[in-house]
Amino acid sequence: MKALIVTDEDCRTDGYRALGRLTAELLAEKGFETQVREVGRGLRPCMGCFGCWVKTPGECVIRDGMAELDRRYMNSDAVVFLSPVVFGQFSANIKDVIDRTLPNMLPFFYQRPDGSTMHPPRYQKYPALFLIGYGEGLDPEEIRLFRDITEKHRFGVGVEVYQGAADKAKVKALFDALGAGGDARNGKEQSL
Amino acid sequence: MKKVMLICGSPRTEEKTASAGFLAHVEAALKGPDFEKRRIDVRRSLKNGPEAEYAAMREADAFVLAFPLYYFCLPGLLMRFLEDYEKDCREHGRQQKPVKIYAVVNCGFPEPEINAEAVRVVGCFSRHIGARFRFGVMIGGGPMVSAAEGAGPVKKAYGELEKAAADIAGDIRGEAVPTLENVLIRPDFPRRLYFFLGDMGWKRQAKQNGLKKADLYRRPYQKTE
């Protein structure tokens, strides 16, 4: 089983380091072979060209390290984003990666059972997904907003926000949903 | 004289984006000698170095941020611009005046409600720089509303946008506006038609690029182990 942890190279606080170590340790305990990718300004932002849908379907047209990261993403059983919470959402470095996972979805629209619109999945199976925010001195609205952004429009995603020292029991509880096969949270709907 | 920064946060490289088009309607409402307007294109600004734009923003009375919704929040490119602006404010001092901030957000899906969290992000950003967030304009089906400008089914949407733009102008002037609630703008299309036209558009673009319909479903990263 493979896991991918995506982190922000611009925000190496003590809290982040502890959270990163804990996450890697807990995934190793679950039997995952884990790769950590620190991302930063070296990756270019999505330019909204939709080339990944209508020119090179499934692949971003920007030739930098993102294609390799997207391949690793789709070939993982679990993916964890550790993101600083900035203005209640993902940091720019992490959001650039999230925006550029668009090739993993199809263009087109469909209506989900709750009535909302979504793009259909390109693949039959997606990794179990965890979106973890961290920061210091976050106000309650920022924490609530990070949760709303990550949970309100997605199904079956593990979400948590940490401040200060990461609590091992809390992080463990998040990953406990991962079954022996590593895909307890997985489903056809699973996408960013 | 109110200094207004009209900030376009679309990551797209074309000049005529949906966000730029909606922002132009706000710009048109800021008429007369009361306003000194400056347009900022976030992509170009980050490419060339945003120092001059940041200096102008620190002295502004109002920002109007127009951008597309990416993955239910702000595009990475716009986050970079705002994160760096906040750091710049910490170095050079906060806003010189009590700046008012407005958000004009459009999404590719027809339901405008999904822009709500992005509007709240702009609210959080406002608090971080000591500004006053006022309200957001949330537009559903943005690219289609923009492409169909002037056509019957979007006339109502543009009427609502112009009313919201007039409220932004009045609020910047300091006039009492009827409400500071977020404005929802929903395209007047049946959803099935919206989906059908959208899907046709993707297929047409693929064909123009020499692809067949089946190519759209490629799985280049299909799990290999």
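## Confidence of the model

Two residues are in contact if their C-beta atoms, placed from the backbone, lie within 7 Å. This is a predicted model, in which local features need pLDDT of at least 70 and side-chain atom pairs count only at pLDDT 80 or more, while totals for chains, interfaces and linings use all residues. Residues are numbered from 1 along each chain as its sequence is written, and chains are lettered from A and ligands numbered from 1 in the order in which they are written.

For chain A the mean pLDDT is 90, with 93% of its residues at 70 or more. Chain B has an average pLDDT of 94, and 99% of its residues score at least 70. The ipTM and the pTM of the model are 0.95 and 0.95.

## Interface between chains A and B

The contact between the chains involves 41 residues of chain A and 44 residues of chain B. On the side of chain A that touches chain B, at least two residues each come from helix 2 (51-54), helix 3 (66-74), helix 4 (92-99) and helix 5 (140-151) of chain A. Helices (H or I, at least four residues) and strands (E, at least two) are DSSP runs, numbered from the N terminus. By class, that side of chain A comprises 20 nonpolar, nine polar and twelve charged residues. Here Ala, Val, Leu, Ile, Met, Phe, Trp, Tyr, Cys and Pro count as nonpolar, Asp, Glu, Lys and Arg as charged, and the others, Gly among them, as polar.

## Domains of chain B

Chain B consists of domain 1 (2-189) and domain 2 (190-225), with bounds from an automatic or database domain assignment. Taken over C-alpha atoms, the centres of domain 1 and domain 2 of chain B are 31 Å apart. Four residues of domain 1 of chain B and five residues of domain 2 of chain B form the contact. The side of domain 1 that touches domain 2 of chain B holds three nonpolar residues, one polar residue and no charged residues.

## Helix 5 of chain B

Helix 5 (residues 116-128) of chain B has 13 residues, which should span 18 Å at 1.5 Å a residue, and the 19 Å between its end C-alpha atoms agrees with this. The expected span is 1.5 Å times one less than the number of residues in the helix. Helix 5 of chain B is largely enclosed by the rest of the structure, because ten of its 13 residues are buried. A residue is buried if 20 or more other C-beta atoms lie within 10 Å of its own, exposed if 12 or fewer, and partly exposed in between, with C-beta atoms placed from the backbone.

The buried residues of this helix include B:Val119, B:Val122, B:Cys124 and B:Phe125. Their cover includes strand 4 (89-90) and helix 5 of chain A, and, from chain B, strand 3 (62-68), helix 4 (76-92), strand 4 (100-106) and strand 5 (132-139). B:Gly130, with a positive phi near 75°, follows helix 5 of chain B.

Helix 4 of chain B, with 17 residues, reaches 24 Å from its first C-alpha to its last, close to the expected 24 Å. Its buried residues pack against strand 3 and helix 4 of chain A, and against helix 2 (42-48), helix 3 (51-58), strand 3 and helix 5 of chain B. After helix 4 of chain B comes B:Gly93, whose phi is positive, near 100°.

B:Phe81 lies in helix 4 of chain B and counts as buried because it has 25 C-beta neighbours inside 10 Å. Not counting residues up to four places away in sequence, B:Phe81 touches B:Gly9, B:Val42, B:Ser45, B:Leu46 and B:Pro50. B:Phe81 and B:Val42 are 39 residues apart in sequence, but their C-alpha atoms are 6.8 Å apart.

## Nonpolar core

The largest nonpolar core has 119 residues, and B:Phe63, B:Val64 and B:Val104 have the most contacts inside it. Such a core is a set of buried Ala, Val, Leu, Ile, Met, Phe, Trp, Tyr and Cys residues joined through C-beta atoms within 7 Å. Beyond its neighbours within four places in sequence, B:Val104 is in contact with B:Phe22, B:Leu23, B:Val26, B:Val64, B:Ala66 and B:Val137.

## Phenylalanines with positive phi

A:Phe87, a residue other than glycine, has a positive phi near 50°. A:Phe87 is in the loop between strand 3 (78-86) and strand 4 of chain A, and it counts as buried with 25 C-beta neighbours inside 10 Å.

B:Phe72 is not a glycine, yet its phi is positive, about 65°. The loop between strand 3 and helix 4 of chain B contains B:Phe72, which counts as buried with 21 C-beta neighbours inside 10 Å.

Definitions and conventions: pLDDT is the predictor's confidence in each residue, from 0 to 100.
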